[in-house]
Amino acid sequence: MSLESFVSYLSLEKKYSVHTVTAYRNDVAVFMAFCKFNYQISEIDNVPYVFIRNWIVSLVSGDVSNRSVNRKVSSLKAYYRFLQKTEKIAVNPLAKHKALKMAKKIEIPFSFEEVEKALEAVDFSDDFEGSRDKLIIGLLYATGIRRIELVNLKLLDLDLSKKTIKVLGKRNKERIVPLAPFVYPWIVSYISFRESLEVIQDKEVLFLLRTGNKVYESLVYRIINRYFSKVSSKQKNSPHILRHTFATHLLNEGADLNSVKELLGHSSLASTQVYTHNSIAELKKVHLAAHPRNKK
């Protein structure tokens with residue numbers, strides 16, 4: 001029952017997304033299964049740290065990455081914090097646990113030329129799916145919104161008169177993001193095709209399947225991967241890389257870090273600063289090309 005209460009707490013009080021709540025629940029459930037198999041216990045509320053350490057060792061031995069292990073342990077730590085909060089336990093067994101070290105991962109954004117080719121050089125079919133796919137790519141690049149935020153967009157979130165879009169972010173926080181003029185004709189084209197669908201099941205939702213149902217996250221990933229694979233040699237072509245590209249390109253053009261933070265829906269600057277690595281690289285390139293001492 002503690003796990004079910006924890007899940008309700010994450011959903012109702014913390015207002016985490018369904019995807020996040022499912023991940024937390026699965027992580028705790030995996031540890032429960034580990035304890036049941038190895039120690040013949042069904043309740044994990046009062047386990048010694050050594051059980052958790054042995055679980056971590058088993059994960060690492062099973063070639064689970066340090067990043068994934070840390071995420072799973074973080075879920076378990078949150079579970080024990082919840083038990084402390086509800087006075088089910090007095091001490092969190094993970095209170096002094098130190099996360100595994102991880103190599104810093106810098107994701108390389110698409111170049112401006114790659115984005116241009118994906119939007120202009122690639123042939124999009126002149127039909128509902130072609131117009132939808134082009135708008136999905138254009139909107140992700142124009143706004144930097146997350147994949148789940150795009151999937152959940154509603155028609156009424158678009159305000160073409162004010163040239164903005166309302167986005168529902170993490171923990172149900174709303175933000176207003178300006179729309180770049182280059183996406184307007186693609187919006188008009190897609191809406192026209194959308195209105196011609198024979199059946200629309202999810203009438204409020206902006207992006208639909210041909211069946212009239214709401215698009216799903218894995219489809220958005222496949223769309224980005226399909227079109228960018230034609231113009232980019234990168235191993236990873238994903239919606240997140242396009243979000244990363246949006247932020248990096250703005251910073252390269254001189255945008256203020258705080259403004260980019262607000263556009264991305266980050267709660268702190270620390271989350272946004274990861275995008276500055278490539279901006280610094282760009283500044284170095286400009287410096288080398290423009291500084292008079294470099295021309296001697």
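Mentor: Let's begin with a term: a contact means heavy atoms within 4.5 Å. This is a predicted model, in which local features need pLDDT of at least 70, side-chain atom pairs count only at pLDDT 80 or more, and totals for chains, interfaces and linings use all residues. Residues are numbered from 1 along each chain as its sequence is written, and side-chain values use heavy atoms, with hydrogens and water left out.

Trainee: Which residues does Asp27 touch, not counting residues up to four places away in sequence?

Mentor: Asp27 touches Trp55, Arg71, Lys72 and Ser75.

Trainee: What makes Asp27 count as buried?

Mentor: Buried means under 20% relative accessible area, exposed over 50%, and partly exposed in between, with a 1.4 Å probe and protein chains only. Asp27 has 2% relative accessibility, so Asp27 counts as buried. In the chain, buried residues make up 43% of the 296 residues.

Trainee: Which side chain makes a polar contact with the side chain of Asp27?

Mentor: That of Arg71, at 2.8 Å. A polar contact is a pair of N or O atoms within 3.5 Å; within protein, one must be able to donate a hydrogen and the other to accept it, and residues adjacent in sequence count only if both atoms are side-chain atoms.

Trainee: Where does Asp27 lie?

Mentor: In helix H2, residues 18–39. Helices (H or I, at least four residues) and strands (E, at least two) are DSSP runs, numbered from the N terminus. The chain has 13 helices and 3 strands.

Trainee: Why are H2 and H3 called roughly perpendicular?

Mentor: H2 and helix H3 (residues 49–61) pack at an angle of about 105°, their axes 11 Å apart. Axes are lines fitted to C-alpha atoms, for helices over the stretch in contact, and angles run from 0 to 180 degrees between N-to-C directions. Angles under 35 degrees count as roughly parallel, over 145 as roughly antiparallel, 65 to 115 as roughly perpendicular and the rest as oblique. H2 and H3 are therefore roughly perpendicular to each other. On the H2 side, the contact includes Asp27 and Val30; on the H3 side, Trp55 is one of the residues.

Trainee: What is the order of the strands in the open sheet?

Mentor: The order is S1-S2-S3, and the pairing is antiparallel. Strand S1 (158–159) and strand S3 (174–178) stand at the edges, each with a single partner strand, so one side of each is left without a neighbour in the sheet.

Trainee: How do you know that S2 and S3 pair?

Mentor: Two strands pair if DSSP finds at least two bridges between them. Strand S2 (residues 164–168) and S3 pair in the antiparallel sense over 5 bridges.
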